[in-house]
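Okay, thanks for coming, everyone.

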Amino acid sequence: MGDHTAPLRAPAGTHDVLWPESARWERLVAEFARRARLAGFGLVLNPMFEDAQLFRRGIGDESDVVRKEMYEFTDRGGRDVALRPEGTASVVRAFVQHHPPVPWKAWYLTPAFRYERPQAGRYKQHHQLGVEVLGTDDPDVDVEVVTLAADLYGWLGLRQVDLALNSMGCGECRSVYVAALVTYLEDHASELCDEHRDRFRVNPLRVLDCKRPECRAVTEHAPRITDYLDEACAAHLDRVRAGLEELGVAYRLEPRLVRGLDYYTRTTFEFAATSLSSAQNAIGGGGRYDGLAEAIGGSSSPGIGFGIGIERLLLACDAEGVFALDPPLPDAFVVDVTDGTAARALCGELRRAGLGAVRAYDGRSLKSQLKQADRSGARYALIVGAEELATQIVTARPLRHEGPQEAVPRASVVDWLAQRSTAQTKEGQ
Ligand code: HAM
């Protein structure tokens, strides 16, 4: 039954994000939302769980994500449901269900659940920022999507980012390629890792994604998908490359890049932070999935998107020493040594005027309140004692810069502080 008195902890592989670390999340999400909006994307919200069939049919029964990692359960009504292991399948399901006008450009922030062995940068619940574009296979959209992610990394200040680009071809050129790959792998079956020696016929593309040295050695000389693209797929890739080059987005063509989800067609890409250890260094990835809408029961509709893992992205920022944010500090700490009523009113007024105001509670002593004021990082302590109350003033004491203490009339203290507020510079940071 376990120990009923031991304090409960978050499940292994999950984590709490507390203040002030969460200030980085806020800033990152706000900047992502701003950039997505500029590129014509709107926010989409989807359920955290779906009919498990959605992921089976969408992501693929043979993918690791579905086969080994899905949080799947039968609910109290006997339905087979799964927590979303990623964002794309749900967004495409919503597109199929609601028929919004195309091109439909959606961005999202979502937790994603995968039953993986927890380690640094690999969690059972992680969070993704992502976009999806549905209803067009124009390669210029691929360029937009890749550039949106690349520019975000640039804005964060990351320099050690490697962008690998590939094309998985369409159904037709891929089946010719897969046949050639299987023939090649059959000749080298005995050299493959234990898992793939038996399974390579079920999903030969997975072997290209295998990180084990045995498989790496074999696939080094395997046939390359880029040599098998038909005319239309080759032209698509050429235009994506030209667009990235025009916009100065550096990339490396990587014909072995297949990614872990089975819905991809044509353009695929992955951003790796070379400052992180290679097993968990993917800080974002995505690609086209021109057959996904149909696979989940909709009419045929091409699509492309990406997902960026927030935790890993922040680990990469730490590794490069960038995006170390100072959380925004309050403008004032209201110190009230009467009975708290003055602090209650003044904090209310300041906040309504758009100023950051905090205070102490529980009738603390002057000394204790001043200590809290110092710790809060506020710009000013606004002090109200019996004397201030009687003379209708507030004593304003600068906490973060040298300067005299001032007696400010109570009636004008909000304006007085607004003039000295750092709110505007903070917004622009
Ligand atoms: P994904 O590559 O499976 O793609 O995941 C996207 C990103 O999520 C990864 O690059 C990584 O940063 C992060 N990530 C994945 N698994 C974990 C984990 N266990 N712990 C921490 N971070 C993780 C997708 O999910 C696709 N839906 C992306 C996409 C959107 N493709 C098209 N549209």
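Take D362 as a test case: its relative accessibility is 68%, so D362 counts as exposed. And please keep in mind that this is a predicted model.

While we're on D362, look at its backbone. Phi of D362 is near 65°, which is positive, and the residue isn't a glycine. You'll find D362 in the loop that runs between strand 13 (357-359) and helix 14 (366-376).

There's another one with that kind of backbone angle: R259, also not a glycine, has a positive phi near 65°. R259 sits in the loop between strand 8 (252-253) and strand 9 (265-273). So is R259 buried or exposed? With 11% relative accessibility, under the 20% cut-off, R259 counts as buried. The background here is that most residues other than glycine have a negative phi, and most peptide bonds are trans.

Speaking of peptide bonds, we have a couple of cis ones to point out. The bond from W19 to P20 is cis, with omega near 5°, and P20 is in the segment before helix 1 (22-38). Then V102 and P103 are joined by a cis bond as well, with omega about -5°. P103 belongs to the loop between helix 4 and strand 5.

That takes us to helix 4 itself, residues 88-98. Nine of its eleven residues are buried, so the helix is mostly covered. Among the buried ones are T88, R93 and F95. What do the buried residues of helix 4 pack against? Their partners are strand 2 (49-51), helix 2 (52-59), strand 5 (104-113), strand 6 and helix 11 (292-295).

For polar atoms, look at the ligand's nitrogens. A backbone N or O atom of Y123 is 3.0 Å from a ligand nitrogen. H126 puts a polar side-chain atom 3.3 Å from a ligand nitrogen, and a polar backbone atom of G305 is likewise 3.3 Å from one. Overall, the protein covers 96% of the 660 Å² of accessible area that the ligand has on its own.

One more residue, then the big picture. L244 lies in helix 10 (residues 231-246), and L244 is buried, with a relative accessible area of 0%. Leaving aside residues up to four places away in sequence, L244 touches V143, V146, T147, L165, V249 and Y251. L244 and E144 are 100 residues apart along the chain, yet their C-alpha atoms are separated by 8.7 Å.

Last, zooming out: the protein is divided into domain 1 (22-170 + 230-320) and domain 2 (332-426). Taken over C-alpha atoms, 47 Å separate the centres of domain 1 and domain 2. That's it from me, happy to take questions.

Note on methods:
Residues are numbered from 1 along each chain as its sequence is written. This is a predicted model: local features need pLDDT of at least 70, side-chain atom pairs count only at pLDDT 80 or more; totals for chains, interfaces and linings use all residues. Side-chain values use heavy atoms; hydrogens and water are left out. A polar contact is a pair of N or O atoms within 3.5 Å; within protein, one must be able to donate a hydrogen and the other to accept it, and residues adjacent in sequence count only if both atoms are side-chain atoms. Accessible areas come from the Shrake-Rupley method with a 1.4 Å probe; for residues, only the protein chains shown count as cover. Domain bounds come from an automatic or database domain assignment. Buried means under 20% relative accessible area, exposed over 50%, partly exposed in between (1.4 Å probe, protein chains only). Helices (H or I, at least four residues) and strands (E, at least two) are DSSP runs, numbered from the N terminus. Contact means heavy atoms within 4.5 Å.
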